[in-house]
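My entries follow in the order in which I checked them.

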Amino acid sequence: MVKRTEFVEFAIEQMAPLVGIRVRAMFGGFGVYQDDLMFAIIVDDSLYFKADAASCGEFTALGLNPFTYAARGKTVTMQYYAAPPEVFESPETMQEWARLAIGAALRARAK
């Protein structure tokens, strides 16, 4: 089991006002949930938010990249984008971006 780091604790604390925020260890990292909806991942003390066609422009406009990993000799790109640095400076900004990611996760669930 992966141990929760100070980074994980800090990120969750910044999102806590959104209610129902929890973290679960998975695949060497963590899934970040609001109730049962996963909207972010934390891997190697880096935060990535869920994005979709409606929201990925927000990330790419800031030059933020999606999370990738290697599997069976291929690079896999996920629909989770690096969090902008300013989310770590302000709880309000963290919550704003988390809401954007929650919206993307809700739209994905509805499909």
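Entry 1, a starting pair. I looked up valine 43 and found serine 46 in β4 as its bridge partner. Valine 43 itself sits in strand β3. I take helices (H or I, at least four residues) and strands (E, at least two) as DSSP runs numbered from the N terminus. The model is a predicted one, where local features need pLDDT of at least 70 and side-chain atom pairs count only at pLDDT 80 or more, while totals for chains, interfaces and linings use all residues. Residues are numbered from 1 along each chain as its sequence is written, and side-chain values use heavy atoms, with hydrogens and water left out.

Glycine 29 is 14 residues from valine 43 in sequence, yet their C-alpha atoms are 4.6 Å apart.

I count strands as paired if DSSP finds at least two bridges between them. Strands of a sheet pair through backbone hydrogen bonds, either parallel or antiparallel. In which order do the six strands of the open sheet lie? I read β1-β2-β3-β4-β6-β5, with antiparallel pairing. β1 (21-26) and β5 (66-71) are at the edges with a single partner strand each, so one side of each has no neighbour in the sheet. On average, neighbouring strands are turned by 35° against each other, direction ignored; the axes are lines fitted to C-alpha atoms, and angles run from 0 to 180 degrees between N-to-C directions.

Entry 4, bridges. I found four bridges between β3 (residues 37-43) and β4 (residues 46-50). Three bridges join β4 to β6 (residues 74-82), also antiparallel, and lysine 50 has tyrosine 80 as its bridge partner in β6. β5 and β6 pair over five bridges, with threonine 75 in β6 as the partner of alanine 70.

Most residues other than glycine have a negative phi. Aspartate 35, in the loop between β2 and β3, has phi near 55°. Aspartate 45, in the loop between β3 and β4, also has phi near 55°.

A pocket is an open set of points on a 1 Å grid over the protein atoms alone, where a 1.4 Å probe fits, with protein on both sides within 12 Å along at least five of seven lines; lining residues have an atom within 4 Å of a point. I noted about 220 Å³ of space in the largest pocket. Its lining includes Gly29, Val43 and Phe67. β3 gives the most to this lining, with three residues. Nine lining residues are nonpolar, two are polar and none is charged; Gly counts as polar, and Met, Phe, Ile, Val and Tyr are among those that count as nonpolar.

I count three helices and six strands, running α-β-β-β-β-α-β-β-α from the N terminus. The C-alpha atoms fill a box of roughly 40 × 35 × 30 Å along the principal axes.

Terms used: Grid points are joined across faces, edges and corners, and a volume is the space filled by probe spheres set on the points.
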